[in-house]
Amino acid sequence: MDALGEQLKSETDKLENIDFSKVNPATGPVKINGVSKGDALAVKILDIKLPETGIMVVAPNAGALPEMVKESKTRIVKIRNGIIHFPGNIRMEAKPMIGVIGVATEKEEIPTGTPWKHGGNMDTKEVAIGNTIYLPVSQDGGLLALGDVHALQSDGELCVSAVEVSSKVMVEVDVKKGMAPPWPVIETSDSTIIVASGKTVDEAVHEATKWTVKVLEKGLNIPWEDAYMLGSLIINLEISQVVDPNKTVKARIPKRYISTESILQALST
Ligand code: CA
């Protein structure tokens with residue numbers, strides 16, 4: 001189901017009239033045999049099927065400009081042959097991604113709208129076809145759930161929504177025994193990304209940076225201070241989103257310096 005629980009069907013449907021207990025649904029949980037606490041659950045995204053329409057919304061007190069929205073607005077956006085048709089005859093290539101993906105937490109109850117160490121509403125555009133996300137398993141079986149697919153979203157998700165769609169997603173799961181990372185890790189064709197969240201972007205930056213410098217120190221076997229310096233040269237800090245209950249930041253580590261496997265090893269020791 002889309003992030004709005006399929007409650008908005010037309011541009012006259014208003015966000016303030018929907019049942020917010022049905023917002024941000026995640027499909028699951030799926031128990032995976034052979035997965036136990038302390039493992040990394042590797043989820044490779046094989047396919048994300050897009051429907052022919054998506055929904056966008058703005059609402060007062062939401063997004064990166066919360067005080068500037070006078071009233072809510074709903075837009076139905078057409079998706080045709082992989083192209084997003086935005087009002088004003090603006091067209092963009094769809095780049096489907098999964099906004100919410102996670103495993104069960106150890107003890108706490110965390111709403112599916114909140115990103116944290118278990119995954120959740122990270123709204124990170126690299127959770128996309130061909131990439132693999134590694135999630136830290138806290139319960140036997142992992143208990144994987146996902147939802148909140150976007151046909152397109154750029155870094156920030158600044159207005160609070162992206163092209164929200166219902167979707168069929170195909171994933172392949174695998175396990176890395178004993179390699180649960182402290183935060184979700186995404187492997188792309190050319191980089192490894194540590195995805196950290198915090199109450200503020202500053203807090204998320206601190207977490208992402210702390211673990212990335214540890215990866216460089218342990219993975220490359222260099223002094224911590226040198227790893228910190230190297231971080232200034234090869235690590236890109238990027239924003240996933242600034243609009244959810246926790247904010248999410250990415251630290252992107254190029255594969256040419258260190259492999260994803262070495263990063264997972266360094267993170268779990
Ligand atoms: Ca989301």
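**Entry 1: the cores.** Before counting anything I need a term: a nonpolar core is a set of buried Ala, Val, Leu, Ile, Met, Phe, Trp, Tyr and Cys residues joined through side-chain atoms within 4.5 Å. I also remind myself that what I'm looking at is a predicted model.

Which residues touch the most other members of the largest nonpolar core? I get L41, V43, I84, I98, I101 and I133, out of 29 residues in that core. Next I looked up where the core's residues come from: β2 (40-49), β4, β7 (97-102), β9, β10 and β14 each give two or more. The largest share is from β2, with four residues. I also noted a second, separate core of 25 residues, and V213, I258, L264 and L267 are among its members.

Skipping residues up to four places away in sequence, I98 touches I45, I48, T124, V127, L146, G147, D148, V149 and V169. I'll keep D148 from that list in mind for the calcium entry.

**Entry 2: helix α3.** L264 and L267 turned up in the second core, and I found both again in α3, which runs over residues 260-267. The buried residues of this helix are T260, I263, L264, A266 and L267. Looking down the axis of α3, I see them fall within an arc of 165°, so they line one face of the helix.

What covers the buried residues of α3? My list includes the strands β9 (132-136), β13 (185-187), β14 (191-198) and β16 (247-254), along with helix α1 (201-220).

**Entry 3: the calcium ion.** I went looking for what holds the calcium ion. Its coordinating atoms come from N121 (OD1), D123 (OD), D123 (OD) and D148 (OD), at 2.2 to 2.5 Å. Along the chain, the donors follow the spacing N-x1-D-x24-D.

**Entry 4: T248.** With 0% relative accessibility, T248 counts as buried. Which side chains make polar contacts with the side chain of T248? One is S197, at 2.9 Å. Another is Q241, at 2.8 Å.

Leaving out residues up to four places away in sequence, I have T248 touching P115, M122, T124, V195, A196, S197, I239, S240 and Q241. T124 was on my I98 list as well. I also checked T248 against D190: they are 58 residues apart along the chain, and their C-alpha atoms are separated by 21 Å.

**Entry 5: E71.** For a contrast I moved to E71, in the loop between β3 (53-58) and β4 (73-80). Is E71 buried or exposed? At 60% relative accessibility, E71 counts as exposed. Apart from neighbours within four places in sequence, E71 is in contact with V58 and P60. From E71 to V58 is 13 residues along the chain, with 7.9 Å between their C-alpha atoms.

**Entry 6: aromatic pairs.** How many aromatic pairs are there? The count comes to two. W116 and W183 form an edge-to-face pair, 5.0 Å centre to centre with 80° between the planes. This pair links distant parts of the chain, since W116 is in the loop between β7 and β8 while W183 is in the loop between β12 (168-176) and β13, 67 residues apart. W116 is partly exposed at 26% relative accessibility, whereas W183 is buried at 2%.

The other pair is W224 and Y228, which is tilted: 4.8 Å centre to centre, 45° between the planes. Why are W224 and Y228 separated by about one helical turn? They are four residues apart in helix α2 (residues 224-234). W224 is partly exposed at 39%, and Y228 is partly exposed with a relative accessible area of 47%.

Key: Residues numbered from 1 in each chain as written. Predicted model: local features only at pLDDT ≥ 70, side-chain atom pairs only at ≥ 80, totals over all residues. Heavy atoms only, no water. Buried < 20%, exposed > 50% of the residue type's maximum accessible area, 1.4 Å probe, protein only. Arc of directions from axis to C-beta. Contact = heavy atoms within 4.5 Å. Polar contact = N/O pair within 3.5 Å; in protein donor to acceptor, adjacent residues only side chain to side chain. Donors = N, O, S within 2.8 Å, 3.2 Å for Na, K, Ca; no water. Phe/Tyr/Trp six-rings, centres within 6.5 Å; stacked < 30°, edge-to-face > 60°.
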